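Hello,

Here is the structure I promised to pass on to you. Have a look at it first, and then read my notes below.

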Amino acid sequence: MKYWKWMRVTALCAVGALVMTACDDDEDDGFTRVPAAVEAAFNSQYGGQEAVEWDTERGGYIVAEFRENGRECEAWYSADGNWHMTETDYGRNLQGLPQAVQDGYAATSYAQDGWRVDDIDEIQRPGYETVYKIEIEKQGQPDRDLYFDLGGTLFRDVQDDGRGHDNSGMIHGGMSGGIEAYIEANFPGAAIVDFDREDGGYYEVDLRHEGRSVEVLFDRDGNWVRTKTDYDRNVPAVVTEAVGRELPGARIDDCDLIETPEGSYWLVETERPERDLRITADGQVTFLP
């Protein structure tokens, strides 16, 4: 048994030598020294922090764990010193979030349906706007991860992947030149919230542009497929008039402008009764299954 334990420790140290200059004999994932480029980048970004612990994470990232403003933080770097992400843990403190994010969560069905906030992370990445991930749970239901932009719009709602406090999936590669050029031409000055590859090979870019949350979809070749713009907080008159005419007394729960190469329309969800509607620019209504 002692021989195999010694072999395991030796193997761990050999792997760790790629990113450190010293290795402890305690089988811990952490290490005591980091590449000079990473240390310099961290000191430039978060100089003056004390009690910093270093670790390696999924994908070979080197992570500095520290406290700032009373909160636990993790700053992620690649071995060449490039910063990729910083997570700040808010615990369950919804009141510590920007008011727009608090309001956005309060407006979701989860806030009204017995779900409990389990953890909150602020996620910062180079080239992207700050986002907030709210992990929620409810007895008998799979946990869910809700992602909000700074405007309070829920732009992603997914089942928790079971990896716990691991946001490495938020570190993405860069956009292709064609997608980036399209965004710059059609949404000048937009803040990039997220960029990800979706099922079926599509690419999704989430933006905040002129005060609204926008989702732009591209095919695997970078061709524009669809744009969805959130109008929940500013429903246009053509939509309210059409809903009032077709569903008197109904409440509009969701309203998005959908634009495609074939044309545009409003996609609307109502409550009391619950119906999905497609409304054209001239107010023509189609009820969806």
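Let me start with the surface: Asp232, Glu269, Glu274 and Asp276 gather there in a patch of negative charge. A patch takes residues with over 30% relative accessible area and no salt bridge, and like charges are joined within 9 Å. Asp and Glu count as negative. Aspartate 276 is found in strand S15, residues 275-279, and is partly exposed, with a relative accessible area of 32%. (Buried means under 20%, exposed over 50%, and partly exposed in between, with a 1.4 Å probe and protein chains only.)

Please keep in mind that this is a predicted model: local features need pLDDT of at least 70 and side-chain atom pairs 80 or more, while totals for chains, interfaces and linings use all residues. Residues are numbered from 1 along each chain as its sequence is written, and side-chain values use heavy atoms, leaving out hydrogens and water.

Next, the salt bridges (a side-chain nitrogen of Lys or Arg within 4 Å of a carboxyl oxygen of Asp or Glu). The whole structure has 17 of them. In one, arginine 92 pairs with aspartate 118, with the closest N and O atoms 3.5 Å apart. Arginine 92 lies in the loop between strand S4 and helix H3 and aspartate 118 in strand S5, so the pair ties together parts 26 residues apart in sequence. Another joins glutamate 129 and arginine 208, at 2.9 Å. Glutamate 129 is buried at 12%, whereas arginine 208 is partly exposed at 25%.

Finally, there are 0 disulfides, meaning pairs of cysteine sulfur atoms within 2.5 Å.

Happy exploring!

Technical notes: Patches are made of residues with over 30% relative accessible area and no salt bridge: like charges are joined within 9 Å, nonpolar side chains (Val, Leu, Ile, Met, Phe, Trp, Tyr) within 5 Å. Accessible areas come from the Shrake-Rupley method with a 1.4 Å probe; for residues, only the protein chains shown count as cover. The place of a charge is taken as NZ of Lys, CZ of Arg, CG of Asp or CD of Glu. Helices (H or I, at least four residues) and strands (E, at least two) are DSSP runs, numbered from the N terminus.
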